[in-house]
Amino acid sequence: MASEARRPRAVLPALLLPGIDGSGRLFAPLLAAAPRRIAPVVVSFPPGAPLGYDALVDRVRATLPPGRFLLVAESFSGPIAIRLAAERPRGLAGLVLAATFLHRPLHPLLHPIRGLVGARLFGLPMPALLVRHFMTGWDAPDALVREVQAAVGSTAPEVMALRAMEALRVDVRDALLQVDAPILVLSPRRDRLIRTDVGEELLALRPDAEVVEVDAPHMILQRAPHACLAHLEELAARVVARPRAPGRGRRA
């Protein structure tokens, strides 16, 4: 019994797919929360290459690890993770979707300004007031607001515009039906950027999914990192305890 107690916990790799800036640098608060059951692997997208969802899916597919892993997607990257999970890649132990969408992503109040999306819009510095209102929440630390501004500003305006247009056009509802891994959804109650009914829509399609509401703004992984990490590690513990299922998917 003593040797059993000293046995180290299994650690599951977790690929972290970034928001629309693509840098991955905004995962810092989640990493600082000191994961113990997962080994985070931050994925980034090239800041100067205008790659749409098809190309980004190919890019992420090439980074999938050989063993079991979790796929964790934030906001813009949700459709990428869903499409990959729908391929049922060998080793995928769980799909985690944080503050993301299946289709028609924008909060209804933002629909009238969809036509403004373009390189000219993203070529302007992002005002702190907009960052706080739509993304971080009004009570966010100044350092986080500056980091968001820096992350968005480090990506070429035409790249940001393409990613925004891809998000407005995407629809991964059919792909979601093909996912055979456990699905965990981390849904922020105070999201002012993405529709707040995504969890309900997802459950209508996949009643087996677990939807967890967290009292946070859109940037749920940054504003509630400890709460999100607790749910991630709970999922990791559950899937590690299960027998490994044979892979049925493909691996590039």
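Because the model is predicted, local features need pLDDT of at least 70 and side-chain atom pairs count only at pLDDT 80 or more, while totals for chains, interfaces and linings use all residues. Residues are numbered from 1 along each chain as its sequence is written, and side-chain values use heavy atoms, with hydrogens and water left out.

The protein chain holds twelve helices and six strands; these are DSSP runs, with helices (H or I) of at least four residues and strands (E) of at least two, numbered from the N terminus. Of its 252 residues, 49% count as buried. Buried means under 20% relative accessible area, exposed means over 50%, and partly exposed lies in between (1.4 Å probe, protein chains only). The accessible surface of the chain is about 11800 Å², and 57% of this belongs to carbon and sulfur atoms; the areas come from the Shrake-Rupley method with a 1.4 Å probe. Among contacts (heavy atoms within 4.5 Å) between residues at least 6 apart in sequence, 79% join residues at least 24 apart.

Two packed helices are described by the angle between their axes and the distance between the axes. Here the axes are lines fitted to C-alpha atoms over the stretch in contact, and angles run from 0 to 180 degrees between N-to-C directions. Helix H3 (residues 53–61) and helix H4 (residues 78–86) have axes that come within 10 Å and cross at roughly 60°. H3 is therefore oblique to H4, since angles under 35 degrees count as roughly parallel, over 145 as roughly antiparallel, 65 to 115 as roughly perpendicular and the rest as oblique. On the H3 side the contact is made by Tyr53, Asp54, Leu56, Val57, Val60 and Arg61, and on the H4 side by Pro79, Ile80, Arg83 and Leu84. By class, these are seven nonpolar, no polar and three charged residues; Ala, Val, Leu, Ile, Met, Phe, Trp, Tyr, Cys and Pro count as nonpolar, Asp, Glu, Lys and Arg as charged, and the others, Gly among them, as polar.

Helix H6 (residues 128–136) packs on helix H7 (residues 142–153) at an angle of about 100°, with the axes 10 Å apart. This makes H6 roughly perpendicular to H7. Ala128, Val131, Arg132, Met135 and Thr136 of H6 meet Asp142, Leu144, Val145, Val148 and Gln149 of H7. That contact divides into six nonpolar, two polar and two charged residues.

Most residues other than glycine have a negative phi. Ser75 is buried, at 10% relative accessibility. Arg88 is partly exposed, with a relative accessible area of 23%.

Pro47, in the loop between strand S2 (38–42) and H3, is partly exposed at 43%. Leaving aside neighbours within four places in sequence, Pro47 is in contact with Ser154, Thr155, Ala156 and Val159. Ala209, in the loop between helix H10 (198–205) and strand S6 (210–214), is buried at 9% relative accessibility.
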